Amino acid sequence: MSAKLAVGVAGVWLLLAAGPAWAHHAFSAEFDINKPLKIQGTLTKWEMINPHSWFHVDVKGPDGNVVPWLIEGGSPNQLIRLGVTKYTLRIGTEFVIEGYLAKDGENRAVGRNFVLADGRRLFLGGSSPGADPGK
Amino acid sequence: MTRRFLASAGVVGIVVAMVWLPRVPVAAQVVPLAPVKPLIPAKTAKPWTAPRTPDGQPDLQGFWTNNTYTPLERAKNVTKEFFTEQEALKNAKRAAEAEGEQTEPGTVADVHYDFTQFGLDRSQGGMALNLRTSLIVDPPDGRIPPMTAEGQRRAAARAEARKRMGAPTDAVQNLPLSVRCIIMDRAGPPMLAGAYNNNYQIVQAPGYVMILVEMIHDVRIIPLDSRPRLPQNVRQWTGNYLGRWEGETLVVESTNFTDKTAFQGASANMHLTERFTRVAEDVIRYQFTVDDPATWAKPWSAEVPWKKTIGPLFEHACAEGNYALANTLRGARAEEKRAAEAATKVSK
């Protein structure tokens, strides 16, 4: 929440600022606030698991080598309730991930945003961005 | 919402109207997808009598959510018990927008995945709009009463014990119970909405009511008889619970809690009374009273509308997929190593 908005919101809603803190864990304990990243990759596997889903992504480096990354995302339960299934997201889907690198420096990050090639955000609006019309 | 509506709703103490809060585009450069359709259609509340299960219990069965934007305690700058419908809608819309708002890059608040992308902001989950300004209904100021001296001493001792244990990332045991997938902070009892997946299933059988919590699939199978309570030395995460019917209301009384949970600072001897009353086809009025003289001079009570939602509940196998726990500890060790190396360089 931006500082401007926080000031504008009435006191009764201030509790909401703690929203992400209610989540399963303190993200800044696992990921490095000082290491924001933006990577482009191809989905190789999506683990729809709790408490956080994990996206396995192949990222091509400047030297042409492909490096596997693991990206943490949200609990899949609400997505399933909104009609998203494991078939919704096609293996091979390309997206850009903005997030923060893991503190241990491994190729792991929290996916702050997943942005598809056409600019849409992954799952935003409960749509099926990678849906195969044949399924 | 008017007094007349209150009366016509036949709901004493709570007012519930289904609201669907449209998603707010997160960033201007992103083309928003089609809005999510309401999972729960809007309905007009009207007088309603609960159907009966085959064995004659008022029927509470089904899937429910206690999602809410209403805070447990009333904000200090709010002096009334109820918002008008207009105020409540405006506040809820603002709260939904705040949840979808981008955080400032480089701040702690920004280090997480976007909840809106995963449907985890509360407005996408659907909720009953509660006109109350706080979930707490008693005392009338809507706030938890001041702690007794004994309660304060216990809280200080707990804080001191935590300090002695070291940093949260020093050992698995130092991390919060929810991070360790043992019990979610707000799943209770008493049951309050957490950040997401605030879904419950109630199943009734002769002599029993079962309440399943989606988060960590915690379950209470509540006997409806007067069997003896567990001995004092047996303590359970969700207490020792017994239920009974008082007319249309399921009353569940719980004791034998553990001081590892300490709801709002309560002692392990907290006596919790929960009341479930189906006040409409799609609404359960959930009330609870916390009685713990070791912590508060007087009992206090809260009330939350539960709205019918769609099922089934989905698996939440928390511990099995909890990579975050190991990652957090590994991250802390890596940071310590870096700090030690930096210190060695300086000393050279």
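Of the 348 residues in chain B, 39% are buried. A residue counts as buried if 20 or more other C-beta atoms, placed from the backbone, lie within 10 Å of its own. The model is predicted: local features need pLDDT of at least 70, side-chain atom pairs count only at pLDDT 80 or more, and totals for chains, interfaces and linings use all residues. Residues are numbered from 1 along each chain as its sequence is written, while chains are lettered from A and ligands numbered from 1 in the order in which they are written.

Chain B has five helices and 12 strands. These are DSSP runs, numbered from the N terminus: helices are H or I with at least four residues, strands are E with at least two.

Start with helix α4 of chain B, residues 149-165.

Now take helix α5 of chain B, residues 323-347. The expected span is 1.5 Å times one less than the number of residues. Which residues of α5(B) are buried? They are Ala324(B), Asn327(B), Thr328(B), Leu329(B) and Gly331(B). Their cover includes α2, β3, β4 and β5 of chain A.

Move to chain A. Met48(A) sits in the loop between β1 and β2. Met48(A) is buried, because 20 other C-beta atoms lie within 10 Å. Its C-alpha atom is 5.7 Å from that of Pro76(A), 28 residues apart along the chain.

Methods. Buried ≥ 20, exposed ≤ 12 C-beta atoms within 10 Å, placed from the backbone. Contact = placed C-beta atoms within 7 Å.
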